[in-house]
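Hi everyone, thanks for coming.

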Amino acid sequence: IGNHTDHNGGRVVAAAIQQDTCVVAGPSDDATLHLFSTGWDHPFTVPPVNQADPHDTERLMEGVRQGLNQRGYSTPPYRAMMDSEVLPGSGTSSSAALEVALAGVHAALAGETLSPMEAALAGQYAENHHMGKPSGLMDQLASALGGVNVLDFARTGEPRHFQLSLGFKEPNFQILVIHTGGSHADLTEEYAAIPREMNGVAAVLGVDSLAQTSRHALLTHLPAVRKEWGDRAIMRAFHFFAEQERVSALADAAAAGHPDRILPIINESGTSSWTLLQNAYPTGADRDQPLAMTLAVAATLLNAEGARGAVRLHGGGFAGTALAIVPQEMVQEFSHVLGGFLGSGSVVPVQISEDGLRYGPLKNA
């Protein structure tokens with residue numbers, strides 16, 4: 001909940017899942033960072049071998065190092081081996097998981113204590129300054145903290161957070177991540193347009209972010225905002241304000257022990273992302289809309305059975321994944337139908353992980 005609101009000072013609810021990025025490392029015998037990764041026949045290095053065209057992984061390695069340096073942390077060089085269960089470009093925050101893990105490597109080798117917040121900030125720095133992506137802090141902080149958390153980004157650089165228990169009974173429901181086959185890799189401009197438009201609306205209203213204004217102020221100045229930024233930006237702002245209310249409603253339902261109230265909120269958030277935020281498919285995609293198609297089929301299955309459940313686009317949107325919470329008795333049929341047109345292995349059961357960033361010396365090493 002809170003899809004695409006963190007970059008405008010919003011509140012979100014985000015969870016870590018049990019797909020891990022694990023790195024084993026030791027000190028490097030030179031000043032170079034070396035990262036070997038399962039599935040790659042050569043290491044990633046910083047400085048990169050091909051300095052004219054470094055790999056994205058190398059950009060992130062250097063970005064995390066610089067991000068930690070700027071915050072006063074030591075960053076000893078390493079030789080490391082990585083194995084990750086998080087699929088790249090799939091919408092489940094593979095880059096954030098890598099960034100947080102590499103921050104932990106530096107901290108372990110330096111013998112320093114690194115909080116989840118500091119690791120997340122180093123990861124965000126890498127995204128913003130070395131990948132050119134104006135992303136917020138949600139993915140990194142959710143990965144670093146573990147569990148389910150309300151994250152409040154109203155204070156720049158000092159987000160607040162507290163943990164929730166959603167109360168879903170695993171024997172009754174299964175959380176599914178649905179890979180639609182689309183990649184996030186070439187969608188930077190689609191993502192960048194969302195904070196740009198939201199910030200533009202906020203500027204017309206005389207503030208720095210939408211978190212500092214209100215739906216009432218937007219309605220009062222609607223003609224001026226429409227003239228400056230157009231209709232899509234206004235609808236995205238409406239999405240922002242409604243999402244903030246949904247985050248509060250979900251947190252209240254969890255605190256009161258009413259998990260049955262949570263599923264409708266997740267559905268409402270997904271509908272708002274599709275219709276107001278408009279990130280179910282890239283601009284101009286008229287024939288191929290795998291994410292939107294997945295949402296439509298999943299919702300049809302749940303509605304046809306009158307089942308309690310939820311489905312929504314996941315993460316950044318436009319491509320990648322959908323998230324579904326499905327009654328256990330429907331999981332087999334649901335997976336069969338979705339897998340029939342998306343392909344084998346596209347529907348992946350996941351569980352929420354209480355583990356976030358963990359690092360330290362290997363025992364008996």
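Okay, helix α9, residues 290-304, packs against helix α10, residues 331-342, at an angle of about 155°, with the two axes 11 Å apart. Axes here are lines fitted to C-alpha atoms, for helices over the stretch in contact, and angles run from 0 to 180 degrees between N-to-C directions. Helices are DSSP runs of H or I with at least four residues, strands are E runs of at least two, and both are numbered from the N terminus. Before I go on: this is a predicted model, where local features need pLDDT of at least 70 and side-chain atom pairs count only at pLDDT 80 or more, while totals for chains, interfaces and linings use all residues. Residues are numbered from 1 along each chain as its sequence is written, and side-chain values use heavy atoms, with hydrogens and water left out.

So how do α9 and α10 run, roughly parallel or roughly antiparallel to each other? Roughly antiparallel; the cut-offs are under 35 degrees for roughly parallel, over 145 for roughly antiparallel, 65 to 115 for roughly perpendicular, and oblique for the rest. On the α9 side, look for M293, T294, V297, A298, L301 and L302, which meet E333, F334, V337, L338, F341 and L342 of α10. Contact means heavy atoms within 4.5 Å. Sorted by class, that's 10 nonpolar, 1 polar and 1 charged. Nonpolar is Ala, Val, Leu, Ile, Met, Phe, Trp, Tyr, Cys and Pro, charged is Asp, Glu, Lys and Arg, and the others, Gly among them, are polar.

Next pair: α5 and helix α7, residues 222-255, pack at about 115°, axes 8 Å apart. This crossing is left-handed. In class terms the contact has 12 nonpolar, 2 polar and 5 charged residues. Find A193, which sits in α5, residues 188-204. A193 is buried, at 5% relative accessible area; buried means under 20%, exposed over 50%, partly exposed in between, using a 1.4 Å probe and protein chains only. Leaving out residues up to four places away in sequence, A193 touches R232 and R236.

Now α4, residues 138-145. Why call this helix largely enclosed by the rest of the structure? Because 6 of its 8 residues are buried: M138, Q140, L141, A142, A144 and L145. Those buried residues pack against β1, α2, α3, β6 and β7. The axes of α3 and α4 come within 8 Å and cross at roughly 150°, and the crossing is right-handed.

Last stop, the core. A nonpolar core is a set of buried Ala, Val, Leu, Ile, Met, Phe, Trp, Tyr and Cys residues joined through side-chain atoms within 4.5 Å. The largest one has 25 residues, and L35, M61, V64, L68, Y78, L102 and L114 touch the most other members. Which element gives the largest share? That's α2, with 6 residues. Zoom in on Y78: beyond four places in sequence, its contacts include M61, L102, V105 and L109. There's also a second, separate core of 22 residues, with I1, L166, L250 and A253 among them.

Key: A crossing is left-handed if the near helix is turned anticlockwise from the far one by less than a right angle, and right-handed if clockwise.
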